[in-house]
Amino acid sequence: MQRVAEMMLERAKALLADGTVNRVVGWEMGEFFYDLTPAVFTADGLDKFVYNGFSGANLSKYMIKECAKDGKALVFLKPCDTYSFNQLINEHRVDREKVYIIGVECRGMIDIRKIRDMGIKGVTAIREEGEELIIDTIYGEKKCARKDALLEKCLCCKGQEFVVYDELLTTGEAFTVGGNNRFAKVAELEAMTPGERFAFWRNELSKCIRCNACRNVCPACSCLQCVFDNPKSGIASKANADDFEENMFHIIRAFHVAGRCTDCGECSRVCPQGIPLHLLNRKFIKDVNEFYGEFQAGADNTTKYPLTNFTKEDVEPSIVTNRGGEN
Amino acid sequence: MQVNEKKGEFKPTIVAFCCNWCSYAGADLAGTSRLSYPANVKIIRVPCSCRVNPMFILRAFQRGADGVILCGCHPGDCHYSTGNYYARRRMTMLFSMLDYLGIDRKRTRVEWVSAAEGTKFAAVMNDFAQTITELGENVKLGDLRCKE
Ligand code: SF4
Ligand code: SF4
Ligand code: FES
């Protein structure tokens, strides 16, 4: 990781120096060491640039605004981030010509929440040593396996393929990340009774404070005017007035990105309440795969997205009502 | 069911979104042919089945509907050629999601009814009303503020 970070900085400096780009989009330290935030750098601010196990933030969406500015910007994208960027190209939200993309190797990003859930408190620093994390805390040094502290999205990594880039920075070393079946939990929920599912979701969704972070971070949610900002929608950026609004907001949010969601996992990562939003997105992805054929948003620039497409032989909605199990 | 006992005979509220060109005309035909269908089916006319945004369906439930049905032209016959093909995909996805959230999937339905199918319209509505009556009141989705 350290080596990749050095290579990145070197390339950023070189590209700024030769005038290919006039700014760099990367990550800088936030309030806490584990709280890296996206930032735009020019040559003299580059000393603040960081790339480490907490660079989970997907920088694709920031390129929408960057593309409205003059000159070309350099952006670092991890393999899964390139799917989001590609999807933004498909939706004409970014200008490919104004972005110089460096694809960077990623071995999985760390989820501070998982470390806290292990009961490790007072964390002051985290170092990576091979497959282990060395965690300094005010109560002394702790250790945990790296794979136990990875973000959900990394446990189900899409692989190390970059779908769009100008150049790549990789170490060439062999490593594995991911490997979990992303639909396992969805299938588990599907196998429950409707009553159990209802209880599961009510429990999860009732935690929602309607901060809209999930929408704001989502690369697929790039409308200038969002339905959730429309006061007439009845669910505009406010605390839920009743149980139903929780369901409504979440169904509509997931529906609006259905078929365009690349499963980048940003929504679940940023939710301050830890709501498993990926389970809603993945349900749509799973359904699309089952009903209309395998589809990965952002994988290419030609396939039409499932919900703006159709075939005459599509299944009827009654397939849902008629499938087995109780109502 | 307690609800029914309390209120006497349960009369469900059913919202039917009907596309202007086929299903609404089908409903008209059912009317002019003096075919009977339940009076608690509230028809909302939409230009095409694909005008129906998933939010409409959810909103209908929120405002107290016990069942929501969408009717459009038969696939291939849409006045705008392809609207109902899109609606078909959307509704399939939406219904599946409702089911995933544990909400009764029998409360939603899509039927294709042409302008000439007055009898089918009446039959569909009678059948749907029957199903909803058996399911009883919609408690999971209603907005509590809308109840007395
Ligand atoms: S819905 Fe979540 S996983 Fe899907 S594209 Fe948006 S942020 Fe990424
Ligand atoms: S980020 Fe979480 S709490 Fe905030 S609106 Fe989304 S689901 Fe609700
Ligand atoms: S006009 Fe009837 S479904 Fe489109």
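**Chains A and B: a strand pair and an interface**

Let's start inside chain B. Strand 1 (residues 14-19) and strand 2 (residues 41-46) of chain B run parallel, joined by six bridges. Strands here are DSSP E runs of at least two residues, helices are H or I runs of at least four, and both are numbered from the N terminus. Two strands pair if DSSP finds at least two bridges between them. Opposite B:C18 stands B:R45, in strand 2 of chain B.

A word on the source. This is a predicted model, where local features need pLDDT of at least 70 and side-chain atom pairs pLDDT 80 or more, while totals for chains, interfaces and linings use all residues. Residues are numbered from 1 along each chain, chains are lettered from A as written, and side-chain values use heavy atoms, without hydrogens and water.

Now the interface. Chain A brings 50 residues to the contact and chain B brings 37; contact means heavy atoms within 4.5 Å. About 4200 Å² is buried between chain A and chain B, and carbon and sulfur atoms give 64% of that. Buried area is the accessible area (1.4 Å probe) lost on putting two parts together, summed over both.

Which charged pairs meet? Three salt bridges cross between chain A and chain B. The rule wants a Lys or Arg side-chain nitrogen within 4 Å of an Asp or Glu carboxyl oxygen. In one salt bridge, the side chain of B:R88 meets that of A:E316, at 2.9 Å, N to O.

Next, the chain A side. Helices 6, 7, 9, 11 and 12 of chain A each supply at least two residues that touch chain B. Helix 11 of chain A gives the largest share, eight residues.
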